[in-house]
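Student: Could you show me how to read the features of a protein model, taking one kind of feature at a time?

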Amino acid sequence: MRRLLMLALPAALSAALLGATAAPASATPPGIPSAATAASRLAALTVAAESHGSTYDRDLFPHWITISGTCNTRETVLKRDGTNVTTDSACAAKSGKWYSPYDGATWTQASDLDIDHMVPLAEAWASGAWSWTTSRRQSFANDLAGPQLWAVTDNVNQAKSDKDPAEWKPSVAAFRCTYARAWIQVKWSWGLTVDSSEKSALNTMLGAC
């Protein structure tokens with residue numbers, strides 16, 4: 001028995017080390033529902049055409065705001081989603097590693113990353129946020145309690161812009177299930193509407209989960 005244990009220990013240690021050095025970890029924002037729950041919540045969303053698009057102004061969604069000490073929302077997400085992140089006295093990220101789940105790229109410079117609003121601010125405006133108070137829009141734009149904010153490759157975020165899932169999807173197909181679940185959760189938790197093409201695209205993405 002003792003000999004068997006001695007033989008097993010190196011193998012167990014090797015497996016542990018391999019696990020520790022596996023593919024880079026990607027922090028996941030909180031609150032992403034299961035595919036079944038997401039499908040149920042999508043079905044519960046009000047389907048309506050977007051409106052008030054011409055009156056959208058990004059300044060109506062104040063961000064980034066101070067979260068803690070000298071750290072604002074962007075810096076908080078960079079620390080949450082990165083590995084081995086170091087910051088200066090102003091909370092700016094000086095080093096670290098970030099994995100962008102939309103395109104599968106890994107970055108070591110914070111300047112290569114944008115913080116994406118899963119449901120873009122203009123999309124939210126046209127889906128009901130036009131009727132909110134500025135305070136509620138500020139809470140939405142800085143929402144760390146749900147899967148609204150993601151650290152992603154800057155030019156990928158810029159390509160997404162204000163598009164919904166009927167118009168833009170992550171290039172990493174394996175991530176689209178998570179993307180749809182997160183999108184639905186944000187719309188559901190904030191009481192926003194979906195349009196018919198958006199709902200159809202989300203159902204298709206959930207079908208691949």
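Student: Which residues point one way from strand 6, and which point the other way?

Tutor: In a regular strand, side chains alternate between the two faces of the sheet. Here, in a model that is predicted, L113, I115 and H117 point one way from strand 6, while D114 and D116 point the other way, and all of them are buried. Strand 6, which covers residues 113-117, is therefore mostly covered, since 5 of its 5 residues are buried, where buried stands for under 20% relative accessible area.

Student: In what sense do strand 6 and strand 7 pair, and over how many bridges?

Tutor: Strand 6 pairs with strand 7, residues 149-153, in the antiparallel sense, and the pairing runs over 5 bridges.

Student: How many salt bridges does the structure hold?

Tutor: Side chains of opposite charge can pair when their charged atoms come close. This structure holds 4 salt bridges.

Student: What does the salt bridge between K187 and E198 tie together?

Tutor: In that salt bridge, the closest N and O atoms of K187 and E198 are 2.9 Å apart. K187 belongs to helix 7, residues 176-189, and E198 to helix 8, residues 196-207, so the pair ties together parts that are 11 residues apart in sequence. K187 counts as buried at 0% relative accessibility, and E198 is likewise buried, with a relative accessible area of 0%. Salt bridges that share partners also join E123, K187 and E198 into one network.

Student: Are R80 and D81, which meet in a salt bridge, buried or partly exposed?

Tutor: Their side chains meet at 2.6 Å, N to O, and the two residues should be read one by one. R80 counts as partly exposed, because its relative accessibility of 23% is not under the 20% that buried requires, whereas D81 is buried, with a relative accessible area of 7%.

Student: How many aromatic pairs does the structure hold, and how is one of them described?

Tutor: For a pair of rings, one reads the distance between the centres and the angle between the planes. The structure holds 15 aromatic pairs. In one of them, the rings of W132 and F140 have their centres 5.6 Å apart and their planes at 65°, so the pair is edge-to-face, the word used for planes over 60 degrees apart. W132 is buried, with a relative accessible area of 12%, and F140 counts as buried at 0%. F175 and Y179 form another edge-to-face pair, with 6.5 Å from centre to centre and 65° between the planes. F175 is buried with a relative accessible area of 10%, and Y179 is buried with 0%.

Student: Which residues form one aromatic cluster, and where do charged residues lie over its rings?

Tutor: The cluster is formed by Y56, F61, W125, W132, F140 and W190. R136 lies over the face of W132, at 4.6 Å from the ring centre, and the charged end of R137 sits over the ring of F61, 5.9 Å from its centre.

Student: How much space lies in the largest pocket, and which residues line it?

Tutor: Rolling a probe the size of a water molecule over the atoms shows where empty space is left. In this model, about 190 Å³ of space lies in the largest pocket. Its lining includes Y56, R58, W64 and R74, together with I115, D116 and H117. Strand 6 gives the largest share of that lining, 3 residues.

Student: How far apart are R181 and A39, in sequence and in space?

Tutor: R181 and A39 are 142 residues apart in sequence, yet 8.1 Å apart in space, C-alpha to C-alpha. R181 has its place in helix 7, and R181 is buried, with a relative accessible area of 18%.

Methods. Residues are numbered from 1 along each chain as its sequence is written. This is a predicted model: local features need pLDDT of at least 70, side-chain atom pairs count only at pLDDT 80 or more; totals for chains, interfaces and linings use all residues. Side-chain values use heavy atoms; hydrogens and water are left out. Rings of Phe, Tyr and Trp (its six-membered ring) pair if their centres lie within 6.5 Å; planes under 30 degrees apart count as stacked, over 60 as edge-to-face and the rest as tilted. Buried means under 20% relative accessible area, exposed over 50%, partly exposed in between (1.4 Å probe, protein chains only). A charge sits over a ring if NZ of Lys or CZ of Arg is within 6 Å of the ring centre and within 35 degrees of the ring normal. Helices (H or I, at least four residues) and strands (E, at least two) are DSSP runs, numbered from the N terminus. Two strands pair if DSSP finds at least two bridges between them. On a 1 Å grid over the protein atoms alone, a cavity is a set of points where a 1.4 Å probe fits but cannot get out, and a pocket is an open set with protein on both sides within 12 Å along at least five of seven lines; lining residues have an atom within 4 Å of a point. Grid points are joined across faces, edges and corners, and a volume is the space filled by probe spheres set on the points.
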